[in-house]
2 protein chains.
Amino acid sequence: MNEIVFVGLGLNDEKGITVKGLEETKTADHVFMENYTSRMPDFSLERFESSVGKKVQVVDRQTLEEESGKVILKAAKMGKTVFLVPGDPFIATTHITLRIEAKKQQIKTRIVNGISIISAIVSLSGLHNYKFGKTVTVPFPENFSETPYNVIAQNKSTQLHTLCLLDLKATSNEYLSINQAIKMLLEIEQKKKMNIITLDTVAVGIARAGNINPKLKADYVRNLSDFNFGEPPFSLIIPGELHFMEIEALIAFADAPATLKRSAQ
Amino acid sequence: MNEIVFVGLGLNDEKGITVKGLEETKTADHVFMENYTSRMPDFSLERFESSVGKKVQVVDRQTLEEESGKVILKAAKMGKTVFLVPGDPFIATTHITLRIEAKKQQIKTRIVNGISIISAIVSLSGLHNYKFGKTVTVPFPENFSETPYNVIAQNKSTQLHTLCLLDLKATSNEYLSINQAIKMLLEIEQKKKMNIITLDTVAVGIARAGNINPKLKADYVRNLSDFNFGEPPFSLIIPGELHFMEIEALIAFADAPATLKRSAQ
């Protein structure tokens with residue numbers, strides 16, 4: 001069977017993959033994996049290879065972008081090829097180009113979805129999914145951008161929450177911290193003065209989603225900006241209007257201060 | 001260990017669960033499952049039970065809502081209890097109450113995330129995740145509501161896509177169809193005349209996300225409203241502004257008409 005099966009690895013470690021994804025990998029002729037669109041901190045390639053009984057070829061960004069993923073397209077012409085991607089294969093848009101190129105070359109493609117940080121964070125937070133607006137990524141300070149602030153402002157104008165993904169440098173294993181992200185947002189506030197993120201704004205920091213021991217902390221920005229979240233990866237939610245059930249969940253599971261109840265709708 | 005582990009079953013069938021979720025279930029003293037917040041069309045309880053070597057007690061809405069899930073809380077006081085939920089355990093907000101009640105009774109809780117329809121649909125569609133606004137559910141005609149239309153209008157005002165989940169009646173196994181959802185939106189358009197959903201609007205229908213053979217069709221509403229999507233479950237995306245890469249993906253994987261290219265940004 002000449003095809004590419006895009007399989008999501010899910011979060012954190014080699015057990016975040018679905019049973020379906022594992023089975024597809026076991027029956028593949030060729031297995032590739034990338035680990036640069038996001039990081040799985042506890043993933044062991046050795047353990048994964050032993051669980052599927054196959055060698056996995058790890059490809060870096062440069063190799064993958066060379067002639068639209070030639071190495072994978074070539075393998076797919078010789079047999080069933082599984083391409084493993086952290087999280088879900090197409091939540092980051094990087095690999096859509098490869099899928100389109102495969103189609104052009106008459107190679108069949110299929111998707112086995114994986115757990116995405118997008119839904120996992122919403123789920124862990126206890127906040128209501130239908131109250132989230134547009135998602136945004138906060139970049140490192142050297143790529144300073146006002147976009148995250150503007151997206152939060154736009155979401156807040158209709159009472160919606162904002163999920164902020166924090167940037168990472170896969171090659172050097174650097175993660176933007178929650179503290180750095182807050183600092184950048186406060187700097188923009190100082191300039192714009194739109195009262196979007198102040199020291200009295202409530203925010204929710206999440207570290208290690210998908211790990212058996214994630215860390216959540218909801219608090220006023222003044223208390224969060226030097227809070228120690230431990231090991232990465234990190235995400236940040238800036239809530240819009242909180243429903244009283246959401247506040248109750250934040251108090252129960254994100255150690256939010258009880259004073260939050262006063263701001264309940 | 002007295003605890004409740006909320007485990008997501010993912011989509012479609014018994015192989016949508018993660019390896020982690022399967023392992024947690026195998027080591028549980030008590031296993032419960034609900035199947036009313038969403039449906040997994042190809043899920044076989046028998047096959048699942050045989051893969052975990054355990055009996056699974058299926059609980060209906062009434063049992064679960066009785067005294068905040070007494071049956072599960074009681075089991076958790078006697079040993080490790082796994083509660084299986086279709087999709088991700090907390091993307092539908094139903095079970096947050098149980099988690100809070102457990103906390104009040106000093107029962108530890110953990111989450112093993114599952115694949116959610118929210119991220120799977122975005123991923124299958126090839127549209128860009130950061131261009132989605134607020135998600136909305138379209139109800140059955142007897143629960144007619146203008147909310148879906150208003151949410152789409154609000155998202156469109158900032159060029160954002162809208163993911164429309166289509167309602168279902170788990171007890172009678174009825175699914176709102178894509179055609180019905182479109183019809184309801186067109187009716188509201190006739191009344192409001194805001195030019196949000198017309199026969200010339202582009203929409204993307206998705207059937208059977210998570211299945212090995214999902215059906216996607218992107219087209220103008222005039223052509224979608226009697227398109228045969230086959231078996232449920234169904235979802236619908238009303239795009240805001242489409243990027244040319246998104247259009248290319250819709251043409252390649254959702255059989256969109258080539259004329260769509262004209263509307264590219």
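In the predicted model described here, F83(B) is buried, with a relative accessible area of 0%; F6(B) is likewise buried, at 0%. Buried denotes under 20% relative accessible area, exposed over 50% and partly exposed in between, for a 1.4 Å probe and protein chains only. Because this is a predicted model, local features need pLDDT of at least 70 and side-chain atom pairs count only at pLDDT 80 or more, while totals for chains, interfaces and linings use all residues. Residues are numbered from 1 along each chain as its sequence is written, chains are lettered from A and ligands numbered from 1 in the order in which they are written, and side-chain values use heavy atoms, without hydrogens and water.

Over all chains, the structure holds eight aromatic pairs. In F6(A) and F83(A), the ring centres are 6.0 Å apart and the planes lie at 65°, so this pair is edge-to-face. Rings of Phe, Tyr and Trp (its six-membered ring) pair if their centres lie within 6.5 Å; planes under 30 degrees apart are stacked, over 60 edge-to-face and the rest tilted. The pair joins distant parts of the chain, with F6(A) in strand β1 (residues 3–8) of chain A and F83(A) in strand β4 (residues 80–85) of chain A, 77 residues apart. Strands (E, at least two residues) are DSSP runs, numbered from the N terminus. Both F6(A) and F83(A) are buried. In chain B, F6(B) and F83(B) form an edge-to-face aromatic pair, 6.0 Å centre to centre with 65° between the planes.

Charged groups also meet rings. The charged end of R99(A) sits over the ring of F253(B), 3.6 Å from its centre (NZ of Lys or CZ of Arg within 6 Å of the ring centre and within 35 degrees of the ring normal).

Technical notes:
Helix = DSSP H or I, 4+ residues; strand = E, 2+ residues; numbered from the N terminus.
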